[in-house]
Amino acid sequence: AEYKAGYDKLTADNSEQKAQLDKASADAAEFKAGYDKLTADHFEQREQLNKAAADAAEFKAGYDKLCVDTAEQQAQLDKASADAAEFKAGYDKYAADAAEYKAGYDKLLVDTTEQKAQDD
């Protein structure tokens, strides 16, 4: 009976230890699953950050192109403005030359009329 009681206690102790080992294994599996999920989430976040960085770089490239295009358009407008000012200066000179020519022609008419009057 004493031997059987010792055997039963040993069997009970072994069952308890097995239950503790099973719980420890389940806890370890749960911990590993949590760690795996955390790792997967980390890589997903890293991919999202990489995509956000790529999107930001693409946006910056578009913005830089817009700045260059705007600068080129401003340069074209400045050149057109300078060309218009040069054209206006040429036109003003032409108008001044024409006025001077007309004044000379008018003086010639007056002189000719006066000379003809003196000849008569």
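The model is a predicted one, in which local features need pLDDT of at least 70, side-chain atom pairs count only at pLDDT 80 or more, and totals for chains, interfaces and linings use all residues. Residues are numbered from 1 along each chain as its sequence is written, and side-chain values use heavy atoms, with hydrogens and water left out.

As for the fold, the protein chain comes to one helix and zero strands; helices (H or I, at least four residues) and strands (E, at least two) are DSSP runs, numbered from the N terminus. The radius of gyration is 51 Å, well over the 14 Å that the globule rule gives for 120 residues, so the chain is more spread out than a compact globule. That radius is taken over C-alpha atoms, and the globule rule is 2.2 Å times the number of residues to the power 0.38. Along the principal axes, the C-alpha atoms fill a box of roughly 175 × 10 × 10 Å. Helix α1 covers residues 2-119, with Leu109 among them.

Ala28, for one, is partly exposed at 44%. The accessible surface of the chain comes to about 11,000 Å², and 62% of it belongs to carbon and sulfur atoms. These areas come from the Shrake-Rupley method with a 1.4 Å probe, and for residues only the protein chains shown count as cover. Tyr101, Tyr105, Leu108 and Leu109 make up a nonpolar surface patch with about 470 Å² of accessible area together. Patches are made of residues with over 30% relative accessible area and no salt bridge, with like charges joined within 9 Å and nonpolar side chains (Val, Leu, Ile, Met, Phe, Trp, Tyr) within 5 Å. Leu109 itself is partly exposed, with a relative accessible area of 42%.

On to charge: the chain carries 16 positive and 27 negative side chains, and the centres of the two sets lie 5 Å apart. Lys and Arg count as positive and Asp and Glu as negative, while His and the chain ends are not counted. Each charge is placed at NZ of Lys, CZ of Arg, CG of Asp or CD of Glu. The structure holds 14 salt bridges, each being a side-chain nitrogen of Lys or Arg within 4 Å of a carboxyl oxygen of Asp or Glu.

Among these pairs, Lys18 and Asp22 meet at 3.1 Å, N to O. Both lie in helix α1, four residues apart, about one turn of the helix. Lys18 is exposed at 51%, whereas Asp22 is partly exposed at 42%. Lys79 bridges to Asp83, with the closest N and O atoms 3.0 Å apart, and these two residues of helix α1 are likewise four residues apart, about one turn. Lys79 is exposed at 53%, while Asp83 is partly exposed at 37%. Lys93 and Asp97 form a salt bridge at 2.9 Å, N to O; because they are four residues apart in helix α1, about one helical turn separates them. Lys93 counts as exposed at 54%, and Asp97 is partly exposed at 37%.

How values were computed. Buried < 20%, exposed > 50% of the residue type's maximum accessible area, 1.4 Å probe, protein only.
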